[in-house]
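Here's a quick tour of a protein fold for anyone new to reading structures. Take a look at the model below, then follow the notes.

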Amino acid sequence: MKKNKAEGEMIDHENKMMEMFKKKREENPGKEKKIGLACDHAGFEYKEKLKEYLFSKNIEVADFGCYSEESVDYPDFAHKLAKSIEKEENELGIQFCGTGNGINMSANKHQGIRSALCWNPHIAEQARLHNNANVLTMAARHLEWEEVEKIVDTFLSTQFEGGRHETRVNKINII
């Protein structure tokens, strides 16, 4: 697949961000979460802002695209993100598309992926607490950036409760 100029520039930018992250990690050693990111063209702006936001919190990210606002097919990027979680290359994932629905449905086709479409912090908290969601999906065209930050912070800081919820979550994977 031929890379366009915008994709090449984004890869260069990501490499610079990774260097900055490595420097921060050396200054502040300790196990950090690795988060995979994905989006379609509608979510590109928020994905880029989220990369900066997560880097500022010393969280390593893997960017699975897209790399510009040029129209793309969201399943291509959702599948890359989901596969990285299945392979345990990333602990969690965060993804955006216009409404969140299409990219969410695509990720949930993968065994072991529990992608939750969240539009406020309470839904994100419940998705982690009760459903052990490992992918957060958001609707880029329907959320303000300040809401995105709160949703992400809640999702990343909430742990699975287990207990009675564990049995239910285990039933999700039964086919």
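Axes are lines fitted to C-alpha atoms, for helices over the stretch in contact, and angles run from 0 to 180 degrees between N-to-C directions. Contact means heavy atoms within 4.5 Å. With that in hand, helix 6 lies across strand 1, strand 3 and strand 5, and runs at about 165° to strand 5.

This is a predicted model, where local features need pLDDT of at least 70, side-chain atom pairs count only at pLDDT 80 or more, and totals for chains, interfaces and linings use all residues. Residues are numbered from 1 along each chain as its sequence is written, and side-chain values use heavy atoms, with hydrogens and water left out.

**The big picture**

- The protein has seven helices and five strands, and along the sequence they follow the pattern α-β-α-β-α-β-α-β-α-β-α-α.
- Of the 175 residues, 49% count as buried (under 20% relative accessible area, with exposed being over 50% and partly exposed in between, using a 1.4 Å probe and protein chains only).
- Take the contacts between residues at least 6 apart in sequence: 70% of them join residues at least 24 apart.

**The sheet**

- Strands of a sheet pair through backbone hydrogen bonds, either parallel or antiparallel.
- Here, five strands form an open sheet in the order 2-1-3-5-4, with parallel pairing (two strands pair if DSSP finds at least two bridges between them).
- Strand 2 and strand 4 (115-117) are the edge strands, each pairing on one side only.
- From one strand to the next, the twist averages 25°.
- Strand 1 (residues 34-39) is joined to strand 2 (residues 60-63) by four bridges, and Gly-36 has Ala-62 as its bridge partner in strand 2.
- Strand 1 also pairs with strand 3 over five bridges; Ala-38 stands opposite Gln-95, and Cys-39 is partnered with Phe-96.
- Five bridges link strand 3 to strand 5 (residues 135-139), where the partner of Gln-95 is Thr-137.

**What's tucked away**

- Strand 1 has five of its six residues buried, so the rest of the structure largely encloses it.
- In strand 3 (residues 92-97), six of six residues are buried.
- In a regular strand the side chains alternate between the two faces of the sheet.
- Strand 3 is covered on both faces, with Leu-92, Ile-94 and Phe-96 buried on one side and Gly-93, Gln-95 and Cys-97 on the other.
- Leaving out residues up to four places away in sequence, Lys-47 touches several residues, including Leu-37, Asp-63, Tyr-67 and Phe-96.

**Two helices side by side**

- The axes of helix 5 (residues 121-129) and helix 6 (residues 145-157) come within 8 Å and cross at roughly 20°.
- That makes the two helices roughly parallel (angles under 35 degrees; over 145 is roughly antiparallel, 65 to 115 roughly perpendicular and the rest oblique).
- Helix 5 makes the contact through Pro-121, Ala-124, Glu-125 and Arg-128, and helix 6 through Lys-150, Ile-151, Thr-154 and Phe-155.
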